[in-house]
Structure formats: C-alpha cells, structure tokens
Amino acid sequence: MNALVYGWAFQAGLGVMIWMMARLCRTEVKNPITLVVAGHFWNVGVTAGVIGILAGYGSPMKWLEFPSMVWPILLVSYSMIVVWLVVMFAARSKGDVFISQWYLLAACFSFPWLYLTANLFLNVFQKTGVAGPAIASWYANNILFLWMVPVGLASSYFIIPKIVGKPIHSYQLASFAFWGLVAISPWSGAQDLIGGPLPAWLPAVAGTAQILLLIPVLAIAFNHYLTVKGHHRLVELSPSLRFTFFGSIGYAITSVCAALLSSLTLARYTGFSFAQDAVALSGVYMFFTMTMFGAIYFIVPRITGCEWISGGRIRFHFWWSTYACIALCVLLLAAGFSHGAAADTWDSDMSGAITFSYGYLVGLILAWLFIVAANAVFLHHLALMVCKRGRQAGAATLIHPAAPYDSAELVITTEGAEA
Amino acid sequence: MNSLKNFVLILGSCFVVPTYCMVARPYAAERNRQTVRYVMEDPGSGKPFDDGALKGLSYPSAFPGDRKRGELVYAREGCVQCHTQLIRPDYAGIDQFKKGWGRDQEGKTVVPTRQTVMWDYLHEDFAMLGQRRVGPDLANAGYRFQDKLNDLYLYLYAPRARKAWSSSPGYKHLFITRPKEGAGSDLALKLPPNLAPAEGLEVVPTSEARALADYVLGLKRDQPLPVSITGAKPESK
C-alpha cells in the first residue's frame with residue numbers, strides 16, 4: 001500500500017500537477033532542474049522506505065509504515081517541487097483563475113501540512129498513546145480525501161471541459177464543492193476506530209464529517225454530468241475523457257462506501273475488516289489512478305508531439321483496468337462483510353472468518369493480475385511514445401475508429417493540441 | 001478569491017481548526033494522562049471505593065517482562081497489519097463475549113470481558129490498536145498462552161502447524177537452527193515430525209522472539225478499573 005501511494009500516486013500526481021499548473025498559468029515551468037532533482041530525491045526516499053520495511057525497520061502507523069528516517073526526505077523534496085508551482089501561480093499573467101488551479105494549490109499545501117503534522121506528533125513528540133492510531137487514521141484518510149481527491153479533481157475539471165469543448169456547467173457549484181471538501185475533510189479519519197479505546201466523540205465527529213463529504217461529491221458529480229451532457233459519444237471515443245469519466249464515477253463510489261462504513265450500524269461488521277481496504281483501494285485505484293491515466297493520455301501526446309499508436313491498446317488498458325478495479329472494490333467489500341459477520345458469532349475462532357473470505361481474496365489476486373496485464377500494455381505503449389515512436393499523423397487517436405457523423409466532434413477533440 | 005493571500009488564509013483556517021481538535025487535543029490528553037491509584041475509603045462516607053484486594057496498587061500496573069523490546073519487535077514485524085488489541089463495547093461489536101478473547105479460554109464467557117479504555121495503553125508510545133482483524137484479537141492474549149510458551153513459539157515459527165486454516169506468515173527468521181549441545185536447550189521448540197530439524201539439531205528462539213513472547217504473555221488488558229474512572233456506585237455489602 002505504501003509503495004502504491006508513495007511510489008505511484010505521488011509521482012503521477014506531481015507530474016500532472018506540474019504540467020497542469022504551467023498550462024493553466026500560461027507560463028513556462030520555473031526552475032525545472034530543481035524539480036527533477038527533488039523528484040529523484042523523492043524516489044530515493046520511497047525506495048529506502050520500502051527496503052526499510054522489508055528489512056524489518058517498519059513502523060506500525062497506518063500509511064506511515066516507512067522507517068522514521070525517510071519522512072524528512074519526502075517532505076523536503078515534495079516542498080521543493082510545490083514551491084515552484086505556487087511561484088508559477090503567483091507570477092501568472094492576469095486572467096481568470098480556473099477551479100482546477102484552486103484544487104492544485106490545495107494539493108500543494110495539504111500534503112506538507114498533513115505529513116508534517118502526522119510525523120511531528122508520531123515520530124518527533126512521540127508518547128502518543130491511543131491518540132497515535134487516531135492521528136495515523138486521520139493522516140491516511142486525508143491523504144486520500146485532501147490530496148488525491150484535489151489532484152484528481154483538478155485533472156477532471158481540466159480535461160472534461162477541454163474535450164467536451166465547453167466551460168464547466170456551473171462555476172458556483174464547483175466553488176461550493178471545493179470549499180465544502182476543504183472545510184469538511186480535515187475532520188474525518190478517526191472513524192476507522194469506532195468502538196476503540198478513544199474518547200467517543202472522536203470517531204463520532206470523524207464519521208459525521210465523512211458522511212457530510214457526500215455533499216461536495218454530489219455537487220461535483222452533478223456538475224460533471226451536466227458538463228458532459230449531450231456529448232456522451234465523446235466518452236466512448238476519447239481515451240482521456242473515458243478514463244476521467246470512469247475516475248469520477250470511482251470518486252463517487254469511494255465516497256459512498258466510506259460514508260457507509262462510517263455509520264455505527266455497519267461498522268459493527270466492517271470495523272477492522274477488509275471492507276476498509278475496499279475504500280482505500282477504490283480511492284487510490286478506481287478514482288485516482290484512472291483519472292491520472294486520463295490525464296496521461298491527454299498530456300503525453302502534447303509533450304512528445306506524436307499521437308498514441310493504437311486505439312486497441314488503449315481499449316485493452318481501459319477495460320482490463322476497469323474490470324480489475326470494480327472487482328477489487330466488490331471483492332474486498334464482500335470479503336469484509338463475510339469476515340465481519342463470521343467474526344460476530346461468540347463461539348467461533350477466526351477460522352470461519354478466514355475461510356469465508358478466502359475465496360474473495362483469491363479473486364483479489366486475479367484482479368491484481370489483470371491490473372498487471374493492463375499496465376504492462378500501457379507501459380510499453382508509453383515507452384514507445386516517450387521514444388517518439390508514436391504516430392506523426394495530425395488527428396488524435398480514438399478508442400474506436402470514428403464514424404463519419406463524428407467528424408464535427410473530432411475537431412473539438414484535437415483542439416487541445418494547438419492550444 | 002483571486003488573490004493568493006486570501007486563498008491561503010482561508011485554506012489555512014480550514015486546516016488549523018480540525019488539526020487542533022482531531023490531532024493536538026487528543027495528543028495533549030494522552031500526554032497528561034497519569035496512572036490512577038485505587039481508593040480505599042470508608043464505606044460509611046458513601047463515596048465509591050475499590051475492592052480491598054487492590055489496596056496500595058495503581059492502575060494500570062507496570063507491564064511485566066522485557067516489554068519495550070518486545071513491543072518494538074511487534075511493531076517492526078508488522079503484527080498490527082492483521083492483529084488488533086482492543087475490546088470494543090457491546091454497541092460496536094461482540095468482542096466482549098467472544099470465546100477466548102478474555103480471561104476464560106473454555107466455554108461461554110459468563111462475565112463479559114471488560115472493554116479496553118484509554119488508560120490501558122498508558123505505557124505505550126504508540127498504542128498497537130491494529131488495523132485489521134485477519135487474525136484473532138490479542139488484547140488479552142496473555143491468558144491464552146499462559147503456560148503454553150511452546151505453542152506461542154510454534155505459532156510464530158509455523159502458524160499452519162497449529163491451525164491449518166491460518167493465513168499468518170511464518171516468522172522463521174526469529175528462530176535459529178543450531179547443533180544440539182548435550183541434552184539440548186530448554187527453549188528448543190517441540191516441533192511436529194514434518195517440521196522437525198535433522199537429528200542432532202534444534203530450533204531455538206532468538207532474543208527477539210523471546211522478547212516478543214514476553215510481550216505477548218504480558219498482554220492482559222482487563223485489570224479492574226478504579227471507580228474514580230468508572231464513577232460506579234458503591235456496592236452494598
């Protein structure tokens with residue numbers, strides 16, 4: 001999980017943040033050498049962290065399992081990168097501020113804040129007692145809802161209007177959802193520990209916040225839907241839009257699952273079960289990763305100057321990933337509930353819980369194999385693109401060969417290449 | 001809202017208040033938490049008082065054995081990924097009545113296992129509440145392995161030798177196989193035939209495994225709560 005979060009999500013997220021911030025501020029990237037060097041330091045930190053865990057120097061803190069010497073490296077290299085994004089924003093040429101830029105800025109500030117706070121309390125001040133797990137849960141939940149969600153939404157608020165070719169349906173709704181998310185999310189997190197030896201108000205407030213987070217989700221989903229309305233054919237054709245659209249659905253699913261698991265009635269069965277992994281993984285994969293793939297399909301042709309080689313490979317990547325992340329979510333939820341229900345009988349040992357969830361967990365491995373296959377194809381495709389071996393043709397690659405009546409919309413899809 | 005300064009100010013205030021309430025306050029409460037002495041007062045005064053047998057003791061009592069070292073091994077080996085150490089109250093689960101999760105190991109739990117409270121983790125730097133319950137809860141594991149040290153080591157060495165359905169990984173790196181000296185070590189594992197080492201060799205726990213076993217044997221989080229915490233009415237005698 002740590003490798004997935006710090007080894008994939010953050011690199012992908014930072015790449016998209018840098019490109020998108022430069023694009024939206026209509027400037028050149030400032031100080032690219034610092035960015036590259038800091039990026040390498042980040043990678044070194046993550047590698048050291050993963051090796052540290054395997055060598056037996058891990059910590060018991062959720063999503064902070066890296067050995068404690070790693071966190072300053074990650075914090076400093078992240079800050080070195082985002083400082084230049086903020087400078088880019090401050091030095092932008094005058095003009096409208098897009099909603100994506102707000103989200104990007106929020107993500108710039110949220111990670112250092114969360115990471116510094118969590119590590120100060122857990123690794124520097126120490127002696128946290130039972131507050132320790134609550135702080136770790138707060139951190140893990142907010143990395144999902146206060147870092148990945150803003151980066152993912154920045155990307156979808158950028159790509160959806162760009163490809164559909166019209167502005168976001170409602171700017172007020174978007175700004176309402178942004179402030180809702182930013183104001184409510186930092187309260188959530190400790191609901192993982194319902195029934196734990198904590199002051200009862202702590203999981204209660206956190207659970208309430210998690211449920212209230214459905215309001216911005218609703219606003220965002222409604223806004224995205226109305227923006228795409230009338231152009232659903234494009235979702236079928238454009239790779240970036242299709243991945244982004246699926247990612248937005250993933251965001252809604254993740255939030256609904258997280259809200260459900262925060263309710264006391266269900267938490268009785270799902271607390272400390274695999275169901276909690278369903279939320280984390282669908283957040284990281286179904287929402288964030290799919291949205292990032294959408295952004296990559298949009299950005300890479302504009303950087304390398306050539307188009308994706310084959311629609312068939314993109315189709316393969318999309319369907320295998322989609323199938324796998326739906327399977328991940330459903331299997332983990334099912335495993336969680338059967339596990340929780342089996343554990344809820346007084347006289348059985350854990351054998352029931354383990355054997356009931358066993359089949360689902362085997363299915364889970366299959367789902368991961370699907371993801372490996374999809375990403376192997378994607379990696380090969382991407383490598384060819386980076387080597388500038390892509391198609392040099394003018395028109396963007398579509399998932400299906402376009403039918404003649406699509407030609408009017410095709411103009412819109414390629415429009416981004418010139419901007 | 002187009003100015004960066006305003007944006008940062010509002011964003012900052014959105015972050016600071018919840019961080020204070022959800023992180024700093026609970027942390028400060030833990031730092032200030034003290035052990036509590038059991039109070040022995042005259043029943044005549046009508047004030048609540050604790051059981052006479054607890055006279056002079058305080059709660060929670062110090063953890064026996066090589067605790068700190070064992071706790072560190074427990075943390076580093078990632079035990080929290082699959083084992084919790086908490087008994088939830090009855091509104092949040094059946095933990096209090098679960099067979100073998102409290103003091104009694106056989107039969108129905110007649111006296112519910114006490115739910116764990118904040119004080120139970122007072123001596124720990126980071127409470128090992130755990131993330132998942134892939135394995136059984138260990139809040140009171142000390143009772144389960146009382147006088148069964150070999151069982152505990154066997155669980156660590158080869159979990160499926162004890163329970164065929166177990167999904168726990170084995171921790172063979174916490175043990176060494178070495179030539180027997182004389183009659184062999186007292187600590188040598190009594191292994192089933194399929195796992196037993198070759199003739200003349202024995203499998204013994206390393207000092208890390210011994211510290212971990214000490215830690216697990218000391219896990220007994222059901223010390224009676226002082227009335228000053230529970231606020232219970234005095235029992236009529």
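Trainee: How far is the sulfur of A:Cys108 from the closest cysteine sulfur, and in which residue is that sulfur?
Mentor: This is a predicted model, and local features are taken where pLDDT is at least 70. A disulfide needs two cysteine sulfur atoms within 2.5 Å. The sulfur of A:Cys108 has its closest cysteine partner too far away for a bond, at a distance of 9.9 Å, in A:Cys25.

Trainee: Is A:Cys108 buried or exposed?
Mentor: Under 20% relative accessible area, a residue counts as buried. The relative accessible area of A:Cys108 is 2%, so A:Cys108 is buried.

Trainee: What about A:Cys329: which residue holds the closest cysteine sulfur?
Mentor: A:Cys329 is buried, at 7% relative accessibility. The distance from its sulfur to the closest cysteine sulfur is 4.5 Å, which is too far for a bond. The residue holding that closest sulfur is A:Cys257.

Trainee: How many disulfides are there over all chains?
Mentor: A disulfide is a covalent bond that joins the sulfur atoms of two cysteines. A search of the whole structure, over all chains, gives a count of zero.

Trainee: How are helix 13 and helix 14 of chain A oriented to each other?
Mentor: Helix 13 covers residues 311-343 of chain A and helix 14 covers residues 351-386. Their axes are 8 Å apart and the packing angle is about 160°. Angles over 145 degrees count as roughly antiparallel. Helix 13 of chain A is therefore, relative to helix 14 of chain A, roughly antiparallel.

Trainee: How many residues of the contact of helix 13 of chain A with helix 14 of chain A are nonpolar?
Mentor: Helix 13 of chain A passes helix 14 of chain A in a left-handed crossing. The residues of this contact include ten polar and one charged, and the nonpolar ones number 26.

Trainee: How far apart in space are A:Leu364 and A:Ala335?
Mentor: A:Leu364 belongs to helix 14 of chain A and is buried, at 13% relative accessibility. In sequence, A:Leu364 and A:Ala335 are 29 residues apart. In space, C-alpha to C-alpha, the separation of A:Leu364 and A:Ala335 is 9.8 Å.

Trainee: In which helix of chain A does A:Trp42 lie?
Mentor: A:Trp42 is buried, with a relative accessible area of 2%. Its C-alpha atom is 20 Å from that of A:Lys62, 20 residues away along the chain. The element of chain A that holds A:Trp42 spans residues 32-54 and is helix 2.

Trainee: Is A:Gln126 buried, partly exposed or exposed?
Mentor: A:Gln126 sits in the loop between helix 4 (99-125) and helix 5 (131-164) of chain A. Its phi is near 55°, a positive value in a residue other than glycine. The relative accessible area of A:Gln126 is 37%, so A:Gln126 is partly exposed.

Trainee: What is phi of B:Asp147 near?
Mentor: B:Asp147 is in the loop between helix 3 (141-144) and helix 4 (149-157) of chain B. B:Asp147 counts as exposed, at 79% relative accessibility. Its phi is positive although the residue is not glycine, and the value is near 60°.

Trainee: What distance separates the centres of domain 1 and domain 2 of chain B?
Mentor: Domain 1 of chain B takes in residues 1-32, and domain 2 takes in residues 36-230. Taken over C-alpha atoms, the centres of these two domains of chain B are separated by 38 Å.

Conventions
Residues numbered from 1 in each chain as written. Chains lettered and ligands numbered in written order. Predicted model: local features only at pLDDT ≥ 70, side-chain atom pairs only at ≥ 80, totals over all residues. Heavy atoms only, no water. Domains from an automatic or database assignment. Buried < 20%, exposed > 50% of the residue type's maximum accessible area, 1.4 Å probe, protein only. Axes fitted to C-alpha atoms, helices over the stretch in contact; angles between N-to-C directions. Helix = DSSP H or I, 4+ residues; strand = E, 2+ residues; numbered from the N terminus. Parallel < 35°, antiparallel > 145°, perpendicular 65-115°, else oblique. Left-handed = near helix turned anticlockwise from the far one by under 90°. Nonpolar A, V, L, I, M, F, W, Y, C, P; charged D, E, K, R; others polar.
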